[in-house]
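Trainee: Could we go through this model together, one question at a time?
Mentor: Gladly, let's have a look.

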Amino acid sequence: MKYLIVFACLVVATVAESFGDATIRIGIFEKTGAVRCATILGGAVLLLVYGVMLNLAPLPFARIVGFYIATLFLVWQVVAFFTFRTLPDAPILVGGGLILVGGLVVSFWKA
């Protein structure tokens, strides 16, 4: 049950961070006036949710952060595709593979 809670916290945190970053980017570069301010504020709220959810995960921060980074990479690729219509190229796929392996090493390697 503990790992299900950890997974849920990570999924909510990664989705909130990815969409929060994307929302702020849209606010800065695509909106003006009051809509810009509201969009950036919406992104800030999502980033707050990310911070709270990541820290609610019931594992030590040093262990959770590796798995979080790996999860974040995957979620960010989905968000980038649906929000900005971009597909990952070869360097992103190779680097992303390294991120995934590194995140798993940090989280699961027992010293």
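Trainee: Which exposed residues does the face of α4 turned away from its buried side carry?
Mentor: Helices here are DSSP runs (H or I, at least four residues), numbered from the N terminus. Buried means under 20% relative accessible area, exposed over 50% and partly exposed in between, with a 1.4 Å probe and protein chains only. This is a predicted model, where local features need pLDDT of at least 70, side-chain atom pairs count only at pLDDT 80 or more, and totals for chains, interfaces and linings use all residues. Residues are numbered from 1 along each chain as its sequence is written, and side-chain values use heavy atoms, leaving out hydrogens and water. On that face of α4, the exposed residues are Ala90, Pro91, Val94, Leu98 and Val101.

Trainee: And what do the buried residues of α4 pack against?
Mentor: The buried ones are Gly96, Gly103 and Ser107. They sit on the same side of α4, because they cover an arc of only 25° around the axis, taken from the directions from the helix axis to the C-beta atoms. With contact meaning heavy atoms within 4.5 Å, their packing partner is α3.

Trainee: How many residues apart in sequence are the parts that the pair of Phe67 and Phe108 ties together?
Mentor: Rings of Phe, Tyr and Trp (its six-membered ring) pair if their centres lie within 6.5 Å; planes under 30 degrees apart are stacked, over 60 edge-to-face and the rest tilted. Phe67 and Phe108 are edge-to-face, 5.9 Å centre to centre with 70° between the planes. Phe67 lies in helix α3 and Phe108 in helix α4, so the parts tied together are 41 residues apart.

Note on methods: Helices (H or I, at least four residues) and strands (E, at least two) are DSSP runs, numbered from the N terminus.
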